[in-house]
2 protein chains.
Amino acid sequence: MAAPETPAPALIRPALTAVVEGLPASTPFVGPEALERRMGRPLDVRLGANESLFGPSARVVDAMCAAALDIHLYGDPEAFELRAALARHHGLTLDHLVLGSGIDELLGVLVRAYLEPGQLAVMSLGGYPTFAYQVNGQGGGIETVPYRDDKNDIDGLVETARRVGAKLLYLANPDNPSGSCLPASTQLEALARLPPDCLLVLDEAYAEFAPADAIPEISADDPRVIRLRTFSKAHGLAGMRVGYAFGAPETVRPFDRIRNQFGVGRMAQAAALAALGDPGHVASVVAAVAAGREEYAALARELGFTALPSATNFVTIDVGGNACAKIVLAALLEREGVFIRMPGAAPLDRCIRVTVGRPAERAVFAAAFRRVIACL
Amino acid sequence: MAAPETPAPALIRPALTAVVEGLPASTPFVGPEALERRMGRPLDVRLGANESLFGPSARVVDAMCAAALDIHLYGDPEAFELRAALARHHGLTLDHLVLGSGIDELLGVLVRAYLEPGQLAVMSLGGYPTFAYQVNGQGGGIETVPYRDDKNDIDGLVETARRVGAKLLYLANPDNPSGSCLPASTQLEALARLPPDCLLVLDEAYAEFAPADAIPEISADDPRVIRLRTFSKAHGLAGMRVGYAFGAPETVRPFDRIRNQFGVGRMAQAAALAALGDPGHVASVVAAVAAGREEYAALARELGFTALPSATNFVTIDVGGNACAKIVLAALLEREGVFIRMPGAAPLDRCIRVTVGRPAERAVFAAAFRRVIACL
């Protein structure tokens with residue numbers, strides 16, 4: 001009789017870092033494709049991710065098809081041409097600019113550059129979740145301040161930053177998910193009261209849609225501010241992943257010590273360069289979005305609701321309460337195949353958030369919204 | 001007389017984290033575009049970055065042009081379709097797979113997931129610099145082991161990992177910059193001797209070019225191994241940025257807690273899916289590269305040098321000494337406009353490293369190399 005086989009010793013996974021071990025295993029990022037898979041059928045319209053349904057410019061499409069032929073070559077890790085074009089566009093030098101794979105990646109890089117594990121960052125309660133995600137991923141802590149009058153409570157944010165000794169203050173202006181913006185003067189006053197050793201992270205993903213007086217003039221060499229922009233919104237390049245940060249060289253150049261050097265590839269650079277070279281397309285998108293916002297506001301009034309003022313490419317509509325907002329969101333998705341989102345925290349969680357689409361998508365949404373409300 | 005203006009107080013940059021403060025301000029990543037800017041003229045051929053000069057498949061180009069029309073939409077953050085295709089390709093489940101913006105980004109994610117600041121990683125001296133870059137960016141330390149017989153000294157690596165209590169052991173197989181590979185059996189023996197709580201990071205960027213017996217069969221559920229692959233080499237997608245990691249779900253799924261969720265965008269997913277669907281293109285590239293390696297070996301012999309055996313899309317040629325290698329590299333660049341690279345550390349720094357191009361690029365390189373050697 002053969003001796004019983006010795007069972008192989010169980011193999012144990014090497015330990016995660018304490019920070020990552022402590023993070024939730026599931027992420028809050030459920031894309032529309034995941035919703036489609038759950039429902040077992042495609043969405044009719046996606047108005048939940050604030051994508052530009054006006055699409056990219058024809059010049060961008062041409063540039064991308066041309067770049068596809070050279071896609072076997074790495075892109076310039078310094079992205080010299082694109083940074084030079086951005087420098088001209090903003091009146092900066094190349095040293096003020098760092099590229100990233102969308103603002104999402106840049107938030108990660110800046111958190112790793114400036115936030116020690118255990119240090120705190122301040123943001124609005126229910127603000128852009130990726131900032132908190134990156135802070136948590138670094139082992140930092142988040143202090144939140146509720147929205148006030150459906151806007152970022154800038155005084156409350158600065159006051160909280162001072163009280164807790166925050167290292168980062170995140171402000172989205174124009175804001176997601178409220179759609180609101182703050183006047184430039186208010187932002188400059190806040191900057192003057194920023195506590196020492198605190199960095200203002202100014203996320204301006206929706207800047208192109210905002211009135212001019214919502215975009216502050218801050219010295220490009222002020223070392224306490226990093227501004228973030230993207231090609232994902234007005235330029236219609238969400239699927240390509242190009243964002244950039246600008247600020248004082250002493251503040252943003254250290255990103256080069258840790259960033260993914262070849263992350264913004266040849267195709268991304270070609271697409272962004274072409275997009276920057278077609279300001280007419282951006283202007284036409286901005287004008288079309290403004291018209292669509294008016295249309296959504298009128299639709300909200302027609303149904304007895306209120307649209308919050310928007311400086312973005314989406315409209316946040318107050319439907320009167322959290323329960324109602326949840327029902328409307330679910331009914332639009334399940335009965336109508338219309339994907340929208342809603343803010344996740346009070347007081348904005350009485351609202352739904354709808355991207356401004358083209359007239360065709362707006363008509364689909366309007367008809368679906370009317371049907372859903374009629375059935376309540 | 002007006003009172004003299006009070007000078008504005010100097011604004012001080014918020015402090016970097018201690019880790020980032022301690023990193024070098026300059027990076028070792030000088031792309032060929034930077035060389036062109038320095039020289040003030042374009043390169044004739046770029047054979048320094050191991051790009052696939054055979055280009056992407058025609059199906060990939062078509063898929064990319066089609067995807068350009070939808071580039072205003074974010075990609076599926078779960079990359080369901082692409083991961084499903086990769087799962088079929090490798091005989092895995094979706095849970096074994098994580099995508100990233102190239103292996104470079106995945107190295108960063110895995111280091112942040114598994115290496116506490118102060119912990120150590122082991123790699124070959126002069127191995128792939130991005131691994132060390134990511135370890136340093138996390139505040140970890142690197143222990144190096146010199147190449148032995150122009151191959152990774154796997155016994156030395158394992159022994160060092162045991163001695164220093166390393167958390168990560170990085171092995172590129174096939175290897176860059178030596179071009180060598182280790183038999184699967186040797187890798188499996190090393191895995192059996194891996195110290196407890198150490199993760200084997202197996203970088204297989206060049207796997208498609210290797211003989212079958214160099215790619216080990218490791219249980220997909222072995223929690224101690226993460227394997228890394230890329231679409232940048234044989235598939236010709238270096239400019240697009242798509243890589244993937246696979247391993248036991250318990251080992252790789254935690255990447256989802258910190259990875260850039262939308263980082264592999266719509267275009268990248270479309271391109272990779274099309275590339276995976278054209279194995280004939282990869283096979284033709286691999287065959288053409290094998291022929292080119294022979295040609296480079298014959299060229300080296302003709303000039304009195306030795307080509308190291310290569311399981312990759314480049315050939316490392318021993319030119320007899322570090323001084324000679326440096327002279328050849330500089331002369332090729334400055335006199336001939338031919339961009340190649342060379343290993344950075346002894347004993348391999350007596351070599352140059354040349355990507356296998358198409359026959360045309362190989363002919364340019366051969367003529368230039370002959371001229372440079374004739375002038376020595």
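Colleague: How many residues does the contact take from chain B and from chain A?

Modeller: This is a predicted model: local features need pLDDT of at least 70, side-chain atom pairs count only at pLDDT 80 or more, and totals for chains, interfaces and linings use all residues. Residues are numbered from 1 along each chain as its sequence is written, while chains are lettered from A and ligands numbered from 1 in the order in which they are written. Two residues are in contact if their C-beta atoms, placed from the backbone, lie within 7 Å. On that basis, the contact takes 76 residues from chain B and 76 residues from chain A.

Colleague: Which helix gives the largest share of the side of chain B that touches chain A?

Modeller: Helices are DSSP runs of H or I with at least four residues, strands are runs of E with at least two, and both are numbered from the N terminus. Helices α2 (32–39), α3, α5 (102–114), α9 (249–252) and α10 of chain B each supply at least two residues of that side. The largest share, six residues, comes from α5(B).

Colleague: How do the residues of that side of chain B divide by class?

Modeller: Ala, Val, Leu, Ile, Met, Phe, Trp, Tyr, Cys and Pro count as nonpolar; Asp, Glu, Lys and Arg count as charged; the others, Gly among them, count as polar. The side of chain B that touches chain A has 39 nonpolar, 18 polar and 19 charged residues.

Colleague: Why are α3(B) and α10(B) called roughly antiparallel?

Modeller: Axes are lines fitted to C-alpha atoms, for helices over the stretch in contact, and angles run from 0 to 180 degrees between N-to-C directions. Angles under 35 degrees count as roughly parallel, over 145 as roughly antiparallel, 65 to 115 as roughly perpendicular and the rest as oblique. The axes of α3 (residues 58–68) and α10 (residues 266–276) of chain B come within 8 Å and cross at roughly 155°. Therefore α3(B) and α10(B) are roughly antiparallel.

Colleague: Is the crossing of α4(A) and α10(A) left-handed or right-handed?

Modeller: The axes of α4 (residues 80–90) and α10 (residues 266–276) of chain A come within 9 Å and cross at roughly 25°. That makes α4(A) roughly parallel to α10(A). A crossing is left-handed if the near helix is turned anticlockwise from the far one by less than a right angle, and right-handed if clockwise. The crossing of α4(A) and α10(A) is left-handed.

Colleague: Which residues of α10(A) meet α4(A)?

Modeller: The contact of α4(A) with α10(A) has six nonpolar, two polar and one charged residue. From α4(A) come E81(A), L82(A), A85(A), L86(A) and H89(A). In α10(A), they meet Q269(A), A272(A), L273(A) and L276(A).

Colleague: Which strands stand at the edges of the sheet in chain A?

Modeller: Two strands pair if DSSP finds at least two bridges between them. Seven strands form an open, mixed sheet in the order β2-β8-β7-β6-β5-β3-β4 (chain A). Each edge strand has a single partner, so one side of each is left without a neighbour in the sheet. The edge strands are β2 (97–100) and β4 (141–145) of chain A.

Colleague: What is the bridge partner of V122(A) in β5(A)?

Modeller: Strands β3 (residues 120–124) and β5 (residues 168–172) of chain A run parallel and are joined by two bridges. The partner of V122(A) is L169(A).

Colleague: Which residue stands opposite V98(B) in β8(B)?

Modeller: Four bridges join β2(B) to β8 (residues 243–247) of chain B, and these strands run antiparallel. Opposite V98(B) stands A245(B).
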